[in-house]
Amino acid sequence: MEASSGRGRSGSSALKRRRGAGAGASPGSGSTAQLLNDDILRSVFSRLDDHFDLARCSAVCSSWNRIIVTAHLMRDLYYKRNPPARGSSSNISVKSYFEALAMDEHASSLSSGQADAYQWIGHPMRATLCRMRGGSILTGVGDKFLRLWSAETCKFMNEYHVPNAKALVDFDFDENKIVGLTSSQICIWRRSEPRSIFQSGGASFNHGLCMSFADPEVVIGCEDGRAFVYDMYSRSCSSIYRLHSSPVTCLTITDDQLILGGSTFGNVAIADQTSAIRSLSFNTNSHMVFAGSSAGYAHCWDLRTLKPLWEPRVSPNVIYSVHHLPGDTATLAVGGIDGVLRLICQRTGDIIRSIIVDTDRPAESTSRSRHQTEKKRVREVAPDAQLDNISTRLRPQITSLSVGMKKIVTTHGENYIRVLKFRPKRS
């Protein structure tokens, strides 16, 4: 009996030890995953076929990260998905893997993935401009304030008051600050504060129409055809350029501080067009400049050769906004007065797909906050579709758009904001 009792106590202790190795174990007792050796973990990780799952595993702990990095699993998965890249470069960093993979998935999602539209009332009056940076959306112009939103959840984040109730005509932002333009002043806000921290004084420029900034400089395009370069740190105008004999309607700045401006006469720094240039976007990676015109043409120039590459007419009406994700050399988003969001191939100018939002179907509410969000369906527009047969209620004019990672935000001159979220096409 004593021997039997001993075995019972021993079995009970073993059971407790086995239980101790599970989820309820103390921090010092270890877990099942921690007991696996490197070879087994390497074998498990090598079976993952999604680079983002592999990245999440590498972020769990230093030992998992070491196994994934030393076994070159990220590189092998990249080559598995992109066989032509195997011979193109033998020394690619993990950062380069992620950049290439993310851009591939972004381009694939926009060109052929399913899409959902999320719409909410964001302003009491209207919003005519939008910008998207690093997962945040900034909207405004037409109201007495700017509003910041999350691109992922569409939730309200912050509000920025325009000083002295002046009307903003343009704005942009980065991770730290917001820069806004009135017709005669530059205003700067910290992202964390609703009140303006700086307003330019004096009359250094007048009748400002557009702006672009690359820290530490802001460039203002004016009605008289001049561009004023304003230093945000010295708080003074550093230089003035005569760009055009007509009003400057849009601006962009390259990384090497080259200023490109479009005008009502259809002139850009590198080209002379027959219609007014309404928007510009510069691609640092490909050295290409994209523009949209009042006649519905999309233009592309190569800054290295100063020659036009393509200029198809993609819309029957004015193009108000063109934009692409920084680093993406595949897809360009275009929107304008006809209300159709078009995705264009940056290399050829061909239309990849055309999209409108289906407002006929009942909206699905996704939020109960003050700024209620509705989920709407997205409809494809056939290449040969007659736009006149599509109700303008389904395609309100796109006054501005901005592209983020697998997302596009649009404003329509009304009080609502839309974010289209694209999902990768699954095989």
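Helices (H or I, at least four residues) and strands (E, at least two) are DSSP runs, numbered from the N terminus. The model looked at here is a predicted one, so local features need pLDDT of at least 70 and side-chain atom pairs count only at pLDDT 80 or more, while totals for chains, interfaces and linings use all residues. Residues are numbered from 1 along each chain as its sequence is written, and side-chain values use heavy atoms, with hydrogens and water left out.

Start with strand β4 (residues 145-150), which is where Arg-147 sits. Arg-147 has a relative accessible area of 7%, and that makes Arg-147 buried (under 20% relative accessible area, with a 1.4 Å probe and protein chains only). Its side chain gets to the backbone oxygen of Gly-122 at 2.5 Å.

Next come the nonpolar cores, meaning sets of buried Ala, Val, Leu, Ile, Met, Phe, Trp, Tyr and Cys residues joined through side-chain atoms within 4.5 Å. The largest has 17 residues, and Leu-341, Ile-408 and Phe-422 touch the most other members. Among the elements giving two or more residues to this core are α7 (94-112), β1 (115-121) and β30 (416-422). A second, separate core has 14 residues, including Leu-181 and Phe-213. In soluble globular proteins, nonpolar side chains tend to be buried together.

Finally, there is a hairpin made by β20 and β21, with four residues between them. Strands pair if DSSP finds at least two bridges between them; here, three bridges join β20 (residues 298-302) to β21 (residues 307-310), and the two run antiparallel. Cys-300 stands opposite Trp-310 in β21, and Leu-306 in the turn has a positive phi of about 60°.

Notes: Buried means under 20% relative accessible area, exposed over 50%, partly exposed in between (1.4 Å probe, protein chains only). A polar contact is a pair of N or O atoms within 3.5 Å; within protein, one must be able to donate a hydrogen and the other to accept it, and residues adjacent in sequence count only if both atoms are side-chain atoms.
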